[in-house]
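The sequence and the structure come first, and the description follows.

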Amino acid sequence: GEAADYGEEVDHTIVGIDGGSGVVQSTEQAIDDYELDEWSVQTSSDPAMIQELDNAYQNEDPVFITGWTPHWKFQEYDLEILDDPEDSYGDAESIHTIAREGLEDEHPDAYQILDNFEWAEEDMEEVMLEIQDDVDEAEAAQNWVDANEDVVSEWTDGVDEDAGDGESLTLSLVAWDTEIASTNVIANVLESVGYEVEMNQMEANPVFQSVADGDADASVAVWLPHTHEDYHADYEDEYEDLGPNMPDGAQLGLTVPAYMDIESIEDLQE
Ligand code: PBE
């Protein structure tokens, strides 16, 4: 089909993930910025969105999803992120680690490891792909850690192998595939030096709130400067931003299968 027909073919619906996610909020912004008055975002979850993508893809039907990199969907399907001349989705950004106030004093070794945690887009993709191939999340994290001892030893540099001494830590995350991968890896490394780590899945806002309130020790799920700008603005005075754990390769965008005949979000304007 032609770009102009796609609106009717998909009922002017963009398939999204959870309403608290930055990528859904940016998509609502795009609908505004490009004056796509008839369009709306249907919220669901990361797996439900992929299921809708898969259904459309099997039939080469048009479909619009709220996409982001890194994500295994770009390995599994031939997809394009549409041009965004209005910049509704922001530029490439980083994923940051945040820690609660007091963590450095109370668990200095855990704090040190969280502060040192840094990996690349390809690393995160490896873990995500394994999980997608039905490897258990903890096992995929263990496999990556085993294959990357040199990287991990930089994160644990100077930390004793039983530094954690059975102390408990909690990490907050949303069940996005990216964050399931990163949280399992850092949890694995913290456990390897003797901490007991609990990973708590929640909606987006509570991730920030839990670290701000001190109910959680840390989160590695903070996309900045664009995706989580509003949450970060609300809570940043109450937690510590430890900087990027994945400096490059994070990008949001309106995403379609490559077989569709469309380049830019602007092409949806009627
Ligand atoms: N994501 C994955 C999140 C951040 C991590 C892109 C789906 C979001 O849009 O908030």
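## A buried alanine and its surroundings

With 27 C-beta neighbours inside 10 Å, Ala216 counts as buried; a residue is buried if 20 or more other C-beta atoms lie within 10 Å of its own, exposed if 12 or fewer, and partly exposed in between, with C-beta atoms placed from the backbone. The model is predicted, and local features need pLDDT of at least 70, side-chain atom pairs count only at pLDDT 80 or more, while totals for chains, interfaces and linings use all residues. Residues are numbered from 1 along each chain as its sequence is written.

Ala216 sits in the loop between α11 (204-213) and β8 (218-224). Helices (H or I, at least four residues) and strands (E, at least two) are DSSP runs, numbered from the N terminus. Leaving aside residues up to four places away in sequence, Ala216 touches Arg100, Thr170, Leu171, Ser172, Asn200, Ser210 and Val211. Two residues are in contact if their C-beta atoms, placed from the backbone, lie within 7 Å. Leu171 is 45 residues from Ala216 along the chain, with 5.9 Å between their C-alpha atoms.

## Overall build

The protein has 12 helices and 9 strands. Of its 270 residues, 45% count as buried. Among contacts with a separation of 6 or more, 84% join residues 24 or more positions apart.

Domain 1 (3-91 + 252-268) and domain 2 (94-249) divide the protein, with bounds from an automatic or database domain assignment. Their C-alpha centres lie 28 Å apart. In the contact between them, 13 residues of domain 1 meet 18 residues of domain 2. On the domain 1 side, these residues divide into 4 nonpolar, 7 polar and 2 charged. Ala, Val, Leu, Ile, Met, Phe, Trp, Tyr, Cys and Pro count as nonpolar, Asp, Glu, Lys and Arg as charged, and the others, Gly among them, as polar.

## The ligand shell

Both domains give residues to the shell around the ligand, so the ligand lies between them. The surrounding residues include Ile17, Trp68, Trp176, Glu179, Trp223 and Leu252; a residue is near a molecule if its C-beta atom, placed from the backbone, lies within 6 Å of it. By class, the shell has 7 nonpolar, 4 polar and 1 charged residues. Helices α2 (22-33) and α10 (177-192) each supply at least two of its residues.

## Strand β3

Strand β3 (residues 65-69) has 4 of its 5 residues buried, so it is largely enclosed by the rest of the structure. It runs antiparallel to β9 (residues 239-257), joined by 5 bridges; two strands pair if DSSP finds at least two bridges between them. In this pairing, Ile65 stands opposite Thr255.

## Backbone features in loops

Two cis peptide bonds and two positive phi angles are listed here.

| Feature | Residues | Angle |
|---|---|---|
| cis peptide bond | Thr69 and Pro70 | omega about 0° |
| cis peptide bond | Leu224 and Pro225 | omega about 15° |
| positive phi | Asp134 | phi about 75° |
| positive phi | Asp165 | phi about 50° |

Pro70 is in the loop between β3 and α4 (73-76), and Pro225 is in the loop between β8 and α12 (229-235). Asp134 is exposed, with 7 other C-beta atoms within 10 Å. Asp165 is also exposed, with 12 other C-beta atoms within 10 Å.
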